[in-house]
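Please read the numbered points with the sequence and the model side by side.

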Amino acid sequence: CLFRANENGQMRLYTMTHGVTGRKSFGGFEGKSIVRGFSSDGRSVYVVNIGPRTPAALYAIKTDGTSSTHLFSTSPNSADVQASTVSFTAIDNLSVPGYVWEAKVRRGALVLVHGGPRQQELPVWDEMIQLVVRVGFTVVAVNYRGSTGYGSAFECATGDPVWDILAARDHLLVKHGISENQIFFFGTSFG
């Protein structure tokens, strides 16, 4: 059995064998892995992986997990900067997970607010984030209450997600020394 587990901001692949206790990592990728199909002979699985420092790439992995072949990448460039995992403390003391991509030269900051709310931001390669960081903006992505991947208690936490977004802003003010008038917000859908 091949399955994907969403755990603490990572979407990893695992296998389980009938009658055997426990699961085994499949593919060994970090970031977000998505099964896209199987070869016609059933001996390989096609997996797209978006890693913390690499854009989307397609792999063929033997179903027994013995080998993988890189088939295609969306871009030859790797990330200039990788996300750091952070947590913010909301006004009601809820610990809120997120990620920071730190700019080398600081012109300001961008707070990313994902759609959903039953979605999540992941620490994977993203063209827009890399571009914004390259031009001098630190990027913070907040997985506000209601986001998936952090357990049912977090997904069903009471309170206002705006508290979590403001905690991310406060993190930028205090930990990164970015002034309030240099912090911008970007969101889609629910965000």
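How many residues lie between β8 and β9 in their hairpin, and which residue in the turn has a positive phi? The answer is given in point 3, after a few remarks on the model and the chain.

1. Basis of the note. The model is predicted, so local features are described only at pLDDT of at least 70 and side-chain atom pairs count only at pLDDT 80 or more, while totals for chains, interfaces and linings use all residues. Residues are numbered from 1 along each chain as its sequence is written, and side-chain values use heavy atoms, with hydrogens and water left out.

2. The chain as a whole. The chain holds three helices and 12 strands; these elements are DSSP runs numbered from the N terminus, helices being H or I of at least four residues and strands E of at least two. The C-alpha trace spans about 60 × 40 × 25 Å along its principal axes. Of the 191 residues, 45% are buried, where buried means under 20% relative accessible area, exposed over 50% and partly exposed in between (1.4 Å probe, protein chains only). Contact means heavy atoms within 4.5 Å. Among contacts between residues at least 6 apart in sequence, 52% join residues at least 24 apart.

3. The hairpin of β8 and β9. Five residues lie between the two strands, and N93 in the turn has a positive phi of about 70°. Strand β8 covers residues 84–89 and strand β9 residues 95–101; they pair in the antiparallel sense over six bridges. Two strands are said to pair if DSSP finds at least two bridges between them. Within this pairing, F88 stands opposite V96 in β9.

4. The largest nonpolar core. F88 is also one of the residues that touch the most other members of the largest nonpolar core, together with V111, V142 and L172; this core has 18 residues. The term denotes a set of buried Ala, Val, Leu, Ile, Met, Phe, Trp, Tyr and Cys residues joined through side-chain atoms within 4.5 Å. Two or more residues each come from β8, β9, β10 (108–113), β11 (137–142) and α3 (161–175). The largest contribution, four residues, is that of α3.

5. Neighbours within four places in sequence aside, V111 is in contact with V140, V142, I165, A168, L172, I183, F184, F185 and F186.

6. Strand β5 (residues 44–50) is largely enclosed by the rest of the structure, because six of its seven residues are buried. It is joined to β4 by six bridges, the two strands running antiparallel, and V35 has V47 in β5 as its bridge partner. The hairpin of β4 and β5 has five residues between the strands, with G42 at a positive phi near 75°. Six bridges also pair β5 with β6 in the antiparallel sense, and here V47 stands opposite Y59. The hairpin from β5 to β6 passes through six residues.

7. An aromatic pair at Y59. Five aromatic pairs are found in the whole structure. Ring centres of Phe, Tyr and Trp (its six-membered ring) must lie within 6.5 Å; planes under 30 degrees apart count as stacked, over 60 as edge-to-face and the rest as tilted. F29 and Y59 form a tilted pair, 4.7 Å centre to centre with 40° between the planes. F29 sits in the loop between β3 (24–25) and β4 (32–38), whereas Y59 belongs to β6 (residues 57–62), 30 residues apart. The relative accessible area is 14% for F29, which is buried, and 18% for Y59, which is buried as well.

8. Two buried loop residues. H114 lies in the loop between β10 and α1 (127–134). Is H114 buried or exposed? H114 counts as buried because its relative accessibility is 5%. G149, in the loop between β11 and α2 (152–155), is buried with a relative accessible area of 16%. Residues up to four places away in sequence not counted, G149 touches N6, E7, N8, G9 and Q120. The C-alpha atoms of G149 and Q120 are separated by 7.1 Å, although the two residues are 29 apart along the chain.
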